[in-house]
Amino acid sequence: MITVQEQEAGQRLAKLLGSRLGGASTGFLYKMLRKKNITLNGKKADGSERLCAGDEIRIFLSEETYEKFASHKVEERFPEAHLDIIYEDAQILIVNKPAGMLSQKSSPRDVSLNEYMLGYLVRSGQWSPREQAFRPSVCSRLDRNTSGLVVCGKTMPALQRMAELLRSRELKKYYFCLVSGRVESPQRLEAWLKKDAASNRVEIFDREQDDALPIVTEFEPLNLSDRTTLLKVHLITGRPHQIRAHLASIGHPVIGDAKYGDKKRNDSFRRKFGIKRQLLHAWHIEFPAMEQPFELLSGKSFEADLPHDFLKVMQAEMGSFRI
């Protein structure tokens, strides 16, 4: 018998069976469901049922057959790294991702925060890929060379709820960035963004375009020097490269941004400070009022300290500063 764990709740029965019995074909599993050789809570099931924690799945197969299908699953190994965990409960992890680390892998050879997070959960005894069909995952993403807060879901309900919050914009996200030039007043920018997947670049338009998505970015200056401004950015819509491309489109590219930035300025900061990435940091997130099982997050906010390279440039450029 399989008892559905809280982490696995919310997924379909067929998906869980496919994960637990990796050696069985999909057709075989559906045949066993039709013949009631696999039941859910003592009743016939068709595989489409959404599972709840505590549901009981009974599998009436010979022990030899069950072991053959169940043991087919390849043992996974996950890398180990020190994670700067800002917050953790039974549902989520919030991690301060360093610049240079992928949020999720883009090719099979990559190692990302997602794999490091899975390794942490395995070693801390919170998740087992062999025993649980559900796979934890990062919920929010940052570009490789952007640092700061990333939310990770430890359970299926958490992944679903975090996706809802991001889609509805109820999860508020604030960033710090250093940009070229002087920005002297708060602004709210509205535009349209179109992504070119082949080049992994986006383009910003001031009017609606085919295949372009609306974007909204708010920001306020916190500190200024003659040639640089520290901005606090409220990311209202969360499109790929939105902050970097949107600010570059109004003549204030993020310092160190090789894709949308000012090459001459970037070269200067690289020579002077060793800066090889965009100085953009996901600093602060705020959760709305939350229901069970997310009551511990209700109304809470979390922050990630600025990394050393960011602070070094700010101190040199602005001397004393406030954030």
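**A serine and its surroundings**

Mentor: Leaving aside residues up to four places away in sequence, S140 touches L149, V150, V151 and L166, where contact means heavy atoms within 4.5 Å. The model is predicted, so local features need pLDDT of at least 70 and side-chain atom pairs count only at pLDDT 80 or more, whereas totals for chains, interfaces and linings use all residues. Residues are numbered from 1 along each chain as its sequence is written, and side-chain values use heavy atoms, with hydrogens and water left out.

S140 sits in the loop between β7 (137-138) and β8. Helices here are DSSP runs of H or I with at least four residues, strands are runs of E with at least two, and numbering starts from the N terminus. With a relative accessible area of 12%, S140 is buried; the term means under 20%, exposed means over 50%, and partly exposed lies in between, for a 1.4 Å probe and protein chains only. A polar atom of the S140 side chain lies 3.0 Å from the backbone nitrogen of V151. V151 is also one of the residues that S140 touches.

A polar atom of its side chain lies 2.9 Å from the backbone nitrogen of V216. The side chains of T237 and Q242 are joined by a polar contact of 2.9 Å. A polar contact is a pair of N or O atoms within 3.5 Å; within protein, one must be able to donate a hydrogen and the other to accept it, and residues adjacent in sequence count only if both atoms are side-chain atoms. Not counting residues up to four places away in sequence, T237 touches R169, P214, I215, V216 and Q242.

Next comes the largest pocket. It holds about 1300 Å³ of space. A pocket is an open set of points on a 1 Å grid over the protein atoms alone, where a 1.4 Å probe fits and protein lies on both sides within 12 Å along at least five of seven lines; lining residues have an atom within 4 Å of a point. Points are joined across faces, edges and corners, and a volume is the space filled by probe spheres set on them. The lining has 49 residues, and those closest to the centre are R141, L142, D143, P240 and H241. Two or more lining residues come from each of β8 (147-153), α5 (156-168), β9 (172-180), β13 (228-235), α6 (242-249) and β14. β14 gives the largest share, 5 residues. By class, the lining has 18 nonpolar, 15 polar and 16 charged residues. Ala, Val, Leu, Ile, Met, Phe, Trp, Tyr, Cys and Pro count as nonpolar, Asp, Glu, Lys and Arg as charged, and the others, Gly among them, as polar.

The peptide bond from Q292 to P293 is cis, with omega near 5°, and P293 lies in the loop between β14 and β15. Most peptide bonds are trans, and most residues other than glycine have a negative phi. K36, which is not a glycine, has a positive phi of about 65° and is partly exposed at 43% relative accessibility.

For aromatic pairs, the ring centres of Phe, Tyr and Trp (its six-membered ring) must lie within 6.5 Å; planes under 30 degrees apart are stacked, over 60 edge-to-face, and the rest tilted. This rule gives 5 aromatic pairs. F287 and F302 form an edge-to-face pair, 6.0 Å centre to centre with 80° between the planes. The pair links distant parts of the chain, 15 residues apart: F287 is in the loop between β14 (280-286) and β15 (301-303), and F302 is in strand β15. F287 is buried at 5% relative accessibility, as is F302 at 11%.

Overall, the protein has 8 helices and 15 strands, and 48% of its 323 residues count as buried.
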